[in-house]
2 protein chains.
Amino acid sequence: MSTHTSKSSRRMFLSGAAAASAYVWIPKPVRGYTAAEMLATITIDNKVKPGTSKWELDTPALCVDLDKMEQNIAKMQSTLKANGLASRPHSKTHKCAAIAKYQLQTGSIGICCAKISEAEAMIENGVDKICMTTSNPSKSKIRRAMAIRKKSSNFIQAVDLEENARDLSAAAKEAGVVADVVIDVAVGTRSGIPAGDDVVALAKVIDKLPNLKLRGMLSYDGGVQHAKGFAARKERALKTIQPNAEVFAEMKKAGLNAEIFSGGGSGTYNIMHQAPGFTDVQVGSYLFMDMQYLAIGGQDDANIYTDFQPSLTVLVTVLNNRFPGLLTTDGGSKAFTLNKPNAGVIGEPGMDYNAGSDEFGSIKITGTPSKSYKIGDKLECIVPHCDPAVNEYDWIYGTRKDKVEVVWPITGRGRSQ
Amino acid sequence: MSTHTSKSSRRMFLSGAAAASAYVWIPKPVRGYTAAEMLATITIDNKVKPGTSKWELDTPALCVDLDKMEQNIAKMQSTLKANGLASRPHSKTHKCAAIAKYQLQTGSIGICCAKISEAEAMIENGVDKICMTTSNPSKSKIRRAMAIRKKSSNFIQAVDLEENARDLSAAAKEAGVVADVVIDVAVGTRSGIPAGDDVVALAKVIDKLPNLKLRGMLSYDGGVQHAKGFAARKERALKTIQPNAEVFAEMKKAGLNAEIFSGGGSGTYNIMHQAPGFTDVQVGSYLFMDMQYLAIGGQDDANIYTDFQPSLTVLVTVLNNRFPGLLTTDGGSKAFTLNKPNAGVIGEPGMDYNAGSDEFGSIKITGTPSKSYKIGDKLECIVPHCDPAVNEYDWIYGTRKDKVEVVWPITGRGRSQ
C-alpha cells in the first residue's frame with residue numbers, strides 16, 4: 001500500500017504546457033477547438049490564474065485535489081500489481097482526456113468508454129487504447145466505431161449479438177480494417193449475453209468472421225460495487241462472476257482467443273484477482289471517491305471506505321441565511337445531481353445538504369455549525385455520486401494545497417450517445 | 001385559447017439562416033465559436049441533414065416538436081394577454097439562445113436567467129432584456145454582472161441584501177453605469193428577503209444609492225407550481241403571494257419605483273393576474289412540458305395538465321431484451337436525470353422506465369407492449385423534469401412532423417455558476 005507519487009509521474013501529468021507561463025493549461029485540440037478558443041471560454045467564467053485560491057472561484061465550482069487523486073491512482077496501481085491484475089479505468093467517471101492520459105502514463109493498460117461519443121471525445125484528444133464497453137446497435141454508431149478503429153488499431157468494442165457481430169464485420173470490411181471485439185457477458189440483467197453456451201457459440205461465429213478479431217470478454221457487475229461491507233461484497237462479487245469465469249475457461253478450451261477478461265470496479269478492485277482468469281479491472285470512482293463509495297465500508301473500516309481519499313469536491317456559496325435552521329446555497333441538482341446519499345459538507349457534520357432543487361441547495365442545520373454562516377460564505381462538499389456530477393460541468397479545477405494549478409475541460413461531458 | 005401559430009412568427013423563428021441550403025442552422029456566435037466550428041462539433045455526432053427522420057438519430061437524442069412548442073408559446077401569450085399580464089420566460093428551462101429569441105419575438109417582455117454564467121451565455125448569443133433572478137454575492141460575479149450591464153441597458157438583476165446593494169452600486173459606479181435592480185422577496189424559505197418592512201427599507205436604500213435604479217420586485221414560488229389540482233394550486237398561490245403583494249403596494253405608496261412585480265410559473269400562469277399589482281410571469285416549462293407537470297392536473301382535467309402539449313422528448317435505443325419482463329436502453333440518468341415521476345414511454349403505457357443507472361435505462365414491462373421489442377429498436381420518452389434534462393445535452397434537435405428541421409446548441413448548458 002503506497003500513497004506515494006513519484007516526481008516523474010507528476011512531471012508527466014503536468015507536461016510541458018502546464019509550466020508557470022501558461023494562464024491555465026488546456027490540452028491543444030478540444031473537440032476541434034484551439035487552446036485559445038477554450039481559454040476564451042474559460043476566461044468568460046472566471047479569469048483563473050495559476051495559484052488562485054480555490055476559495056476565490058465562482059461557484060458552483062468542480063475541483064479535484066491533485067495530490068489526493070495522484071495518491072489514489074498510485075495506490076490502485078500498486079495494489080493491482082501486487083495481485084497480478086491490470087487496470088483499464090473507465091472514462092465515464094471523469095470524462096476528461098487529461099486524466100485519462102495520466103492514467104495511461106501511470107500504468108493503466110487502456111481506457112474504457114461507455115458510449116461511442118465519449119470514445120470519440122477521448123480519441124480526438126489524444127487518448128489511445130480505448131475499449132468501448134457498450135455495444136453499438138445502429139448503422140450510424142457502427143460507422144462511427146469504424147472511424148475510430150481507422151484512427152487507432154488499439155480500439156476494442158463490445159458486442160453481444162450475432163447479428164451485430166455480422167454488421168460490425170461488414171462495416172470493418174468496408175472500412176478496410178479488422179476490428180477488435182470483446183463479448184459483453186452479462187452479470188445480472190442489464191447489458192450483455194447471459195453466461196452459457198450461447199457465449200461460446202457467439203465467440204465461434206466472431207472467430208470466423210473475416211473482419212473481426214476476438215479478444216476476450218467483459219463482465220461488469222455494477223450492482224456489487226456498492227454492496228455494503230467488504231466480506232459481503234467479496235462473497236457476492238466472486239459468486240456472480242463464477243458462471244462468467246467458467247465461460248471464459250470454455251472459450252480458452254475451445255481454442256478461441258481469450259486474452260481479456262475484464263470487469264470489476266472501485267468496490268471490488270482488491271477482490272477480482274480471485275476470479276479465475278480475470279485480467280483487468282474497469283475501475284472508475286477510485287480517483288475521486290464520493291458519498292456513495294464512502295458508505296460501502298472496507299477491510300480497514302466497516303463503516304467508511306478508506307481505501308481511497310475523497311479528492312473531488314464542489315464549492316458552493318451561501319445565498320440565504322435568514323430562516324432558522326436553514327441555509328440556501330447556489331448548488332442544486334444541476335451542480336450535484338439527485339443521487340443519494342446527500343452531498344457531505346466538509347468540516348460540518350451538523351449539516352444535511354439537499355440538492356433537490358435545480359438551481360439551489362438547501363442545508364438543514366442538524367447540529368452545531370463550526371461558525372455562523374453569512375450570505376456570500378463558501379462551503380466545500382463531497383458529491384453524492386462522482387460520475388454524473390462531473391458530467392454537469394464544462395471544466396474541472398485541479399488544485400494543490402487549495403491553489404488552482406490547472407483547468408481541464410471535461411472533454412466528454414454530455415456525450416451520452 | 002388559441003393553438004394557432006402565425007406564419008410570420010414561424011418565419012421569424014427560423015430566420016434567414018435556416019433556409020434549405022444550410023446543413024443545420026446554428027446561430028452564428030456560439031460561446032465565441034463560429035458557425036463552422038459548431039457545425040463541426042455537431043457533425044462529429046451525426047451528419048444530420050434537414051429532413052432526416054428523428055428515428056434515424058443516434059440516441060439518446062433530445063428532440064423538440066416545433067409545432068407543439070410554437071403552439072404552447074402562442075397559447076401562453078394569448079392567455080396572458082387576455083388576463084393583462086406579460087411573460088418573462090425563464091431560460092433555465094431551455095438554456096437555448098435560439099428559443100429565447102423566439103420567445104422575445106413572439107411577445108415576451110424579457111428573459112429570466114438563473115445564474116450569471118447563464119446570462120452571459122444568453123447575451124453573448126444575442127439575447128437581450130435579461131433579468132437575473134438570483135443575486136450575485138461575490139465580487140467576481142458582481143464584476144461579471146456589470147460587464148453584462150455595460151453591453152445592455154436592458155439588464156436587470158436581483159438583490160436581497162443592503163450590503164450587496166452597496167457593492168453593486170460601487171461596482172456600477174466603477175463601470176460607469178447605472179444598474180437596474182429588482183428586490184427578490186421570498187415566498188417560502190429559499191431565496192430572497194421575507195416580505196415585510198425590511199423590504200421597503202431595502203428599497204429606500206437602493207433608491208438613494210447613486211448607481212442603482214430600482215425597478216420593482218420578484219417573488220417566485222417554486223413549490224406551488226407542482227401543487228396538484230387547479231383549485232388547490234390557485235388557493236395556495238394567491239395565499240402565499242398576498243404578503244408580497246402588500247409589500248409591493250407599500251413600495252408604490254412610499255413613492256418608490258415599482259413597475260415590476262414578477263413571479264409565477266407554468267403551473268400558475270392563469271392564476272397570478274389575480275394577485276394585486278402583478279405584472280409578469282416567469283414561465284419556463286410551458287413550452288416543453290414533462291412528467292412532473294403532466295401530473296399536476298388543470299382546469300379541464302383534474303388528473304392531467306392539458307394546458308400545454310408535451311413537445312420535448314428523448315429518443316433511446318433498446319440494448320437488451322434477453323431478460324423476461326425487462327428491456328435495457330441506452331438512456332440512463334445522464335440522459336434523463338433522476339427526477340420523478342419516471343420518464344413516460346410514448347405509446348407504451350405498459351412500460352415503467354427507470355433511468356436510475358448512469359448510462360442505462362431499465363424498463364419494466366408492466367402491461368402488454370404494442371410490439372415485441374428487439375435490440376436496436378427505438379423508443380420515444382417524455383422526460384421526468386425538463387429543466388435539468390435539457391441541461392444534460394449539448395444540442396437539441398428541432399423536428400416538425402418527425403423530421404429534423406434545425407439543430408440548436410444548448411447555449412447555456414452546464415452554466416450553473
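What share of the contacts in chain A between residues at least 6 apart in sequence join residues at least 24 apart?

1. Contacts and basis. The share is 68%, a contact being heavy atoms within 4.5 Å. This is a predicted model, in which local features need pLDDT of at least 70 and side-chain atom pairs count only at pLDDT 80 or more, while totals for chains, interfaces and linings use all residues. Residues are numbered from 1 along each chain as its sequence is written, chains are lettered from A in the order in which they are written, and side-chain values use heavy atoms, with hydrogens and water left out.

2. Chain A. Its secondary structure comes to 13 helices and 17 strands, taken as DSSP runs (helices H or I, at least four residues; strands E, at least two) numbered from the N terminus. Of the 417 residues in chain A, 63% are buried (under 20% relative accessible area, 1.4 Å probe, protein chains only).

3. Symmetry. Chain B superposes on chain A by a rotation of 180° with 0.0 Å of shift along the axis, RMSD 0.0 Å (least squares on C-alpha atoms of residues with pLDDT of at least 70 in both). The two copies are thus related as by a two-fold rotation axis. Within chain B, Leu338(B) comes closest to that axis, at 3.0 Å for its C-alpha.

4. Sheet in chain B. An open sheet of 8 strands runs in the order E2-E9-E8-E7-E6-E5-E4-E3, with parallel pairing (strands pair if DSSP finds at least two bridges between them). E2 (86–87) and E3 (111–113) of chain B each have a single partner strand, so one side of each is left without a neighbour in the sheet.

Conventions
Buried < 20%, exposed > 50% of the residue type's maximum accessible area, 1.4 Å probe, protein only.
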